[in-house]
Amino acid sequence: MISCNLIPLPSKTNLKPHPDTQHPRTSRTNHVHNLHFSHHIKEPPQKYPKHNSLPNLLSVHTKNPHAIYKDIQRFSRQNKLKEALTILDYLDHRGIPVNSTTFASLIAACVRLKSLSAAKIVHTHIVINGLENNEFIQTKVVNMYAACGSIEDAEKVFDKMPVRSVYPWNALLRGNVVLGGRKYREVLGTFSDMRGLGVDLNVYSFSCLIKSFAGASALFQGLKTHGLLIKNGFLGSDIIRTSLIDMYFKCGKVRLAYRVFEEVEERDVVMWGAMIAGFAHNKLQRGALEYTRLMIKEGLEVNSVILTSILPVIGEARASKLGKEVHAYVIKTKEYSKQLFIQSGLVDMYSKCGDIVSGRKVFYGSKERNAISWTALMSGYILNGRFEQALRSIVWMQQEGFKPDLVTVATVLPVCGKLKVLKQGKEIHAYAMKNVFLPNASVSTCLMMMYSKCGLLQYSSRVFDSMEKRNVISWTAMMDSYIDSGCLEEALGVFRSMQLSKHRADSVAMGRISSVCGKLRLLKLGREIHGQILKKDLASVPFVSAELVKMYGSCGAIDKSRFCFDAIPVKGSLTWTAIVEAYGLSGQYGEAINKFKQMISKGFNPNHFTFKVVFVICEKAGFADEGCEFFTMMTRKYKIKASEDHYNSIINLLQHVGCVEEAEKFLLLKQSLA
């Protein structure tokens, strides 16, 4: 239990206010008529003051209409919609008309802020001013509703338009792209309508279509569209080629993305950025770093978007020297050093490189901070094992006047589970309920795991039962909660219920249930699970194949373990450790040690978990000489620091074979760790 004096989150937290429906999609054509999508839009309630409560800096009644229009446009550019709409309301009450240019600026502000409630107020004033049939304004309104996520409202305006150019059509396409998910069929349906009606397609039409395929990983449709682009002569556009590169990367086709990139003679920074982001998306850190160097050699400067892509890559590669060079570049440019998302990226990069001290310096050296930068610092503390500091940071964050958001809550809840601080966990739970975070599956999943680690399995079950919308992750989290608590039969029950639901188990869930079958020695069920894994093509996932190998070993079917191991095309330390453990679980200790030696001879480096497995086998078999030899190998050759579990196994082994003096030496070494 820690003493971090958390501010009671659920109530009386002197927090400053943070600045700042399912809509069925009716299809336009027969080929998508049976698709239904939902999008929830939650807007904070906005109460605009009455017309007689105007901003003090304006004396509207002394100005002519054109001067007032400029005031509205100025407030719109500053994203001050409250003030702009107050003046608009004033003009309406006095019957003063508003021109289309002013409405265009208001619409642009609604798009930037994605405020649906403000968008509807602006649309109402457009109708009042008799501009609802103005083609320029109508196109803007369609785009506004689409950008705010209300495709249904966008379509209502669109359907009333007598003449439809390509621009409102593109707005509908873009709206479905913004909604994301697997809504590419909606985009494809609208695009097919455009072609059928002879609309003069432009590069933005194709760009929206390709982006929708990228978001849904719809490679086949993307390839067909690529052919259509060649046929229609649009492939010369940089916008199109950049979209294609992005799509191929997101569909996992790195070579195709590379081929499109190589066909371009003059590349701009946006196209280079698409390549770098694509490599990062596919966990190809070396490629991302190499293409950043090539871009700089071409004489192009790294912009803020590329910095945002490259900083996480540097952290994952633990390239701290390169990270410091990028940090120096950020400081040199000055403009980037003021951008909060880059500051947060630097904190995250240093934390992943194991240099939390430098990450703290960046954070506290920043003149401005927000909830995102505070969450980056908390994540950094967690990555470096400083759990108590991570938990205290949520208090310090509030003392600075920043309100923890959904991501902050999901970040800090696992810390409560690791430290088993139930009181703070309950406070954060209450805070999440108060701020309506709990419908979110991520927060609910974190709560379930936190309660199970604190020994309150019934609370985990309650959170799970109260979830309106579950996903595979939440089902797996409930299984994990039961497994961690030793309730293996209940974990099986959760798996069966998930199989009956609309959700299908992924690689993690399959791996978990395989381990349950092994612990319960359910060979028949284990074989069924193995069949499902083969059917879903999950056997190539290292974690899943390792669990299968161990499962068969636990059930005494070592021949099956060996068969699964031999079938793995690319073996790693994880799968080698699994076969060693499988032989140990089946009681064949000598063969287990031989497999371990074979693993080393083939050039695979054992990790701390591998040695933990080996020491347990030596302890069970009474292999004292081998155990001491492997302990020396672990600490000297592989530079792995011995853990408490490692020491316990060696001490028990030596005591078991009567080597009391040697056991006492290891006991003294273990005590020196404390």
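The structure is a predicted model, in which local features need pLDDT of at least 70 and side-chain atom pairs count only at pLDDT 80 or more, while totals for chains, interfaces and linings use all residues. Residues are numbered from 1 along each chain as its sequence is written, and side-chain values use heavy atoms, with hydrogens and water left out.

Gln73 sits in helix H1, which covers residues 65–77. Its relative accessible area is 17%, so Gln73 is classed as buried; here buried means under 20% relative accessible area, exposed over 50%, and partly exposed in between, with a 1.4 Å probe and protein chains only. When neighbours within four places in sequence are set aside, Gln73 is in contact (heavy atoms within 4.5 Å) with Asn99, Thr101, Thr102 and Ser105.

H4 has 13 residues and reaches 19 Å from its first C-alpha to its last, close to the 18 Å expected at 1.5 Å a residue; the expected span is 1.5 Å times one less than the number of residues. Its buried residues are Leu116, Ala118, Ala119, Val122, His123, His125 and Ile126. These buried residues of H4 pack against helix H2 (81–93), helix H3 (100–113), helix H5 (135–147) and helix H6 (151–159). Within H4, which spans residues 116–128, His125 has a relative accessible area of 7% and is therefore buried. Leaving out neighbours within four places in sequence, His125 is in contact with Leu88, Asp89, Asp92 and Phe103. His125 and Phe103 are 22 residues apart in sequence, and their C-alpha atoms are 8.8 Å apart in space. Just after H4, Gly130 has a positive phi of about 70°.

At the start of H21, a side-chain oxygen of Asp405 comes to within 3.3 Å of the backbone nitrogen of Val407. Thr408, Val409, Ala410, Thr411, Val412, Leu413, Val415, Cys416 and Gly417 are the buried residues in H21. They pack against helices H19 (371–383), H20 (387–399), H22 (422–434) and H23 (441–453).

Most residues other than glycine have a negative phi. Lys420, however, has a phi near 55°, a positive value in a residue other than glycine. Lys420 lies in the loop between H21 and H22, and its relative accessibility of 51% makes it exposed. Arg521 likewise has a positive phi near 55° and is a residue other than glycine. Arg521 is found in the loop between H27 and helix H28 (523–535) and is exposed, with a relative accessible area of 56%.

Two helix pairs complete the picture, with axes taken as lines fitted to C-alpha atoms over the stretch in contact and angles running from 0 to 180 degrees between N-to-C directions. The axes of H27 (residues 507–520) and H29 (residues 542–554) come within 8 Å and cross at roughly 10°. H27 and H29 are therefore roughly parallel; angles under 35 degrees count as roughly parallel, over 145 as roughly antiparallel, 65 to 115 as roughly perpendicular and the rest as oblique. Ser507, Val508, Gly511, Arg512, Ser514, Ser515, Cys517 and Gly518 of H27 meet Phe543, Val544, Glu547, Leu548, Met551 and Ser554 of H29. By class, this contact of H27 with H29 has six nonpolar, six polar and two charged residues, where Ala, Val, Leu, Ile, Met, Phe, Trp, Tyr, Cys and Pro count as nonpolar, Asp, Glu, Lys and Arg as charged, and the others, Gly among them, as polar.

Helices H30 (residues 558–567) and H31 (residues 573–585) pack at an angle of about 170°, with axes 10 Å apart, and are therefore roughly antiparallel. The contact joins Ile558, Ser561, Arg562 and Phe565 of H30 to Thr575, Trp576, Ile579, Ala582 and Tyr583 of H31. It has six nonpolar, two polar and one charged residues. Also in H31 is Ser573, which counts as partly exposed at 21% relative accessibility. Ser573 touches Met599, Phe604 and Asn605, not counting residues up to four places away in sequence.

Definitions and conventions. Helices (H or I, at least four residues) and strands (E, at least two) are DSSP runs, numbered from the N terminus. A polar contact is a pair of N or O atoms within 3.5 Å; within protein, one must be able to donate a hydrogen and the other to accept it, and residues adjacent in sequence count only if both atoms are side-chain atoms.
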